[in-house]
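The sequence and structure come before the text.

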Amino acid sequence: MTDDKPMNSPYLLQMKEIYKSFGPVTVSAGVTLEVKPGEIHALLGENGAGKSVLMSILCGILKPDSGSIHYKGAPLNIGSPREAIRHGIGMVHQHFMLVPNLTVAENYVLGQGTPLRLINDMKAVHQRITALSDRYGLDVRPDAVIEDLSVGEQQRVEILKVLFHGTDLLILDEPTAVLTPQETDRLLDLMRDLVADGKTVIFISHKLDEVMRVSDQISVMRDFKVVHTTAVTDTNPRELARLMVGRDVLMELPRGSANPGQVVLSVDGLSCRNDLGLPALKGVSFSVKAGEIVGIAGVSGNGQTELSLAISGLLPIDAGKVSLEGKDITGLSPAEINQLSFAHVPEDRHKMGVLLPFTLAENAILHRYNQSPFAKKGLLQRGVTASFARDLIKRFRVKTPDEEEFLANLSGGNQQKLVVARELARDPNFILVSQLTRGIDIGAIEFILQEMLKQRDAGRAILLISTELEELFTVCDRILVMFHGEILGEVPADRSRLEEVGLMMAGQRSAPAAAMEPALT
Amino acid sequence: MLDFITIGFLATLVGAAWRLATPLIFTSIGEVISERAGVLNIGLEGTMLMGAFCGFAATFASGSILLGLGSGIVAGMAFGLIFAFFTITVKANQIVVGAAINLLGMGLTAFLFRTYYVSTGRGVDIAPPIAIPYLSDIPFLGEALFRQNMIVYSTILVTLLAAVLLYRTSFGLTLRAVGDHPKAVDVAGRSVAAYRYGAVLIGTGLAGLGGAFLTLGHSNQFVEGITSGRGFIALAVVVFARWSPTGAFFVSLMFGLFYALQLQLQAQPMLNIPYQVFQALPYVMTVIALVMVGGKNASPRKLGIAYDGR
Ligand SMILES: Nc1ncnc2c1ncn2[C@@H]1O[C@H](COP(=O)(O)OP(=O)(O)OP(=O)(O)O)[C@@H](O)[C@H]1O
Ligand SMILES: [Mg+2]
């Protein structure tokens with residue numbers, strides 16, 4: 001083991017000529033990635049470029065067909081997660097690796113320790129978690145049960161888990177995808193702190209501004225290979241985007257002003273409780289008109305999840321009214337709402353958007369499998385379905401071998417593209433979208449946001465719930481800010497109001513500018 | 001007409017309930033452990049039969065009840081190994097393999113019994129009752145509850161051990177995770193397959209013990225189909241107990257009570273009801289229990305689903 005030890009290699013990690021394929025599908029085509037100790041190394045690439053696969057190989061979860069990994073100057077035993085963990089390689093996965101019915105603390109100690117020893121030091125574990133959580137400002141409660149946490153909270157739990165395991169090399173696979181700008185800022189600071197503590201970070205993100213702000217080195221993947229590695233000081237977002245996508249990407253979308261028509265969705269005094277029976281929405285009222293995009297901003301966990309569930313009939317409503325195109329839809333079942341001109345891109349695609357063990361084609365007709373033309377006389381029309389799915393794949397550039405691929409085998413961003421494609425294909429008058437661009441690459445974001453604007457201009461009403469201010473300000477016409485289950489205020493989507501939205505997200509009620517002035521002077 | 005319900009009647013009923021619940025307690029707790037790891041083993045009936053037969057055969061040959069119980073456990077585990085190989089390693093459908101195990105258990109025990117034992121007509125000495133000092137002197141209740149054999153008493157120990165294993169050890173934590181989110185366990189560097197094998201072996205070992213009790217602690221003979229559906233009732237117990245070992249203990253006791261009631265009521269000549277009605281009682285209750293529990297689902301998320309991580 002020591003004979004081919006490169007004595008004074010400047011690298012902490014060297015992955016060389018990694019090849020991997022699933023049957024006929026190549027997913028790593030000779031990747032070489034080198035990371036120096038103490039740096040933040042960003043890994044960029046389009047959806048499906050092979051970033052997650054490469055990191056899974058590094059963590060021993062996937063076994064490559066060939067190639068070598070050197071870590072701390074010695075070859076790493078490939079294909080063993082225990083070995084990777086033992087060497088201090090830890091990964092925050094793009095799709096959570098948290099057991100839903102266990103507590104945070106139980107998830108952290110999972111797989112550790114001697115199997116048959118009694119667990120009686122959970123108190124100490126709780127204390128360590130609380131201490132770490134306080135230190136990094138992550139707000140994680142050790143006794144919370146995972147399934148009660150929002151997506152954003154779970155992401156924080158995942159990040160803290162890796163820190164809890166005392167990792168030297170942290171791999172963060174799109175950790176900021178569901179975080180708010182403030183949380184993201186804190187995470188980026190945290191990454192800096194960790195590097196100052198002597199750790200090394202590999203950071204995957206589709207958000208170039210974050211990457212530019214925090215990383216030292218950047219590697220770009222394209223078509224299952226690392227095509228370019230550069231110091232952050234030697235590059236710029238435009239160049240990075242071009243390297244990833246292979247063409248120039250628009251950073252700012254051109255759009256005309258909105259032309260709102262009749263009210264399509266109206267929500268009146270809506271109140272409901274969350275899974276734990278606590279009030280989640282407290283008399284929320286607003287409306288969305290045809291031909292406008294209304295954004296809901298807010299830190300995750302302030303009632304946005306419940307709002308989208310209540311509107312789509314998935315959460316019982318305590319008080320208030322929801323109507324769609326003048327029809328009262330309060331208390332209708334999801335199946336009944338599904339029959340209306342209503343499309344829904346849910347926040348957690350795995351829970352509500354797709355069926356992972358089903359094929360892409362089957363997922364494409366998930367809401368309409370029993371309707372013509374996808375079913376005739378109770379029989380599924382495979383041919384129609386396949387050509388419909390192929391059309392979606394082509395229009396939304398979903399990266400997949402064909403429409404018969406299982407959804408589970410698609411990269412995260414490509415799963416999301418399929419959901420969006422499917423929902424827009426229903427030609428709905430009202431579109432409810434949560435975390436629209438979660439995990440989508442910049443080329444695809446540009447495309448999907450353009451698609452949303454097209455829908456708006458075609459007279460659709462769109463409600464866009466997002467923790468992503470950038471996305472909200474890019475496409476919305478008005479932005480409502482939610483805080484603790486209430487709408488604190490409304491702001492036109494004008495970038496000069498960004499700060500105001502940020503303050504409201506933190507709970508500061510907006511005061512009309514005129515009323516504020518005398519008080520200030 | 002109901003004057004046969006005396007204190008004596010009730011005390012006997014309670015004592016009999018515990019005794020009749022014993023095979024269910026072992027088997028359902030075993031199945032709780034197996035299902036918590038995501039493996040649904042419907043082959044319990046066949047596994048119990050194997051335990052009942054092998055336990056009987058070993059005690060018949062050696063005269064030792066402990067050896068019989070041990071053989072019952074080993075026989076159950078042998079069936080468990082077959083089940084685990086096909087469902088975990090080969091990743092065949094758990095229901096299909098479970099059904100095959102049942103057929104195998106029924107056929108094999110019937111064949112072996114007819115070949116070697118049916119003509120002997122002899123039984124074994126069953127485990128003797130042990131009176132617990134002081135407690136057994138309590139009028140009626142002591143008589144009924146504390147003059148059982150050691151196998152019946154051991155159900156309490158098994159229940160406690162199972163609860164500690166599942167909720168207080170790292171093994172149990174990982175096991176529960178395996179049934180809910182196997183990938184997370186894989187990523188944490190533990191083998192999902194190894195934990196599932198472990199859970200199935202514990203489960204089938206206990207089912208074997210449950211079967212062996214029938215021939216060594218209850219009746220003194222092996223009879224074809226001696227389990228009479230207890231393996232299936234154990235599956236219902238698990239659901240009703242919401243996958244908890246202590247729950248399984250108490251739900252089994254409830255079923256034991258139905259068995260006991262059925263036996264005692266049959267013996268009441270003044271009740272002019274066909275005895276088949278009482279015989280059906282435990283099974284009817286099983287169906288009712290399953291319907292009642294049906295709505296709310298606490299089952300492990302990956303129950304019955306093979307894991308193909310790599
Ligand atoms: N188990 C699998 N079987 C078959 N194909 C797979 C499997 N896992 C991943 N792939 C394929 O490998 C390719 C790379 O996927 P990967 O998840 O690494 O992409 P990514 O770069 O992380 O993309 P994203 O930004 O969308 O997360 C994809 O085309 C995907 O469909
Ligand atoms: Mg990925």
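Buried area is the accessible area (1.4 Å probe) that two parts lose on being put together, summed over both. Between chain A and chain B about 2200 Å² is buried, with 61% of it on carbon and sulfur atoms. The model is predicted: local features need pLDDT of at least 70, side-chain atom pairs count only at pLDDT 80 or more, and totals for chains, interfaces and linings use all residues. Residues are numbered from 1 along each chain as its sequence is written, chains are lettered from A and ligands numbered from 1 in the order in which they are written, and side-chain values use heavy atoms, with hydrogens and water left out.

**Chain A against chain B**

Contact means heavy atoms within 4.5 Å. By that rule, 28 residues of chain A touch 23 residues of chain B. Met97(A), Leu110(A) and Ile119(A) supply 24% of the area that chain A buries against chain B, more than any other three residues.

A salt bridge is a side-chain nitrogen of Lys or Arg within 4 Å of a carboxyl oxygen of Asp or Glu. Two examples follow.

| Salt bridge | N to O distance |
|---|---|
| Glu147(A) and Arg301(B) | 2.4 Å |
| Asp427(A) and Arg460(A) | 2.5 Å |

Asp427(A) lies in the loop between helix H14 (412–424) and strand E19 (430–434) of chain A, and Arg460(A) in the loop between helix H15 (442–457) and strand E20 (461–465) of chain A, so the pair ties together parts that are 33 residues apart in sequence. Helices (H or I, at least four residues) and strands (E, at least two) are DSSP runs, numbered from the N terminus.

**Backbone features of chain A**

Most residues other than glycine have a negative phi, and most peptide bonds are trans. Asp427(A) has a positive phi, near 55 degrees. The peptide bond from Ser372(A) to Pro373(A) is cis, with omega near 5 degrees. Pro373(A) is found in the loop between helix H12 (360–364) and strand E17 (375–376) of chain A.

**A helix pair in chain B**

Helix H2 (residues 44–62) and helix H3 (residues 65–89) of chain B have axes that come within 7 Å and cross at roughly 145 degrees. Axes are lines fitted to C-alpha atoms, for helices over the stretch in contact, and angles run from 0 to 180 degrees between N-to-C directions. Residues in this contact include Gly46(B), Met50(B) and Cys54(B) of H2(B), and Leu67(B), Ala75(B) and Phe79(B) of H3(B). The residues of the contact divide into 7 nonpolar, 10 polar and no charged. Ala, Val, Leu, Ile, Met, Phe, Trp, Tyr, Cys and Pro count as nonpolar, Asp, Glu, Lys and Arg as charged, and the others, Gly among them, as polar.
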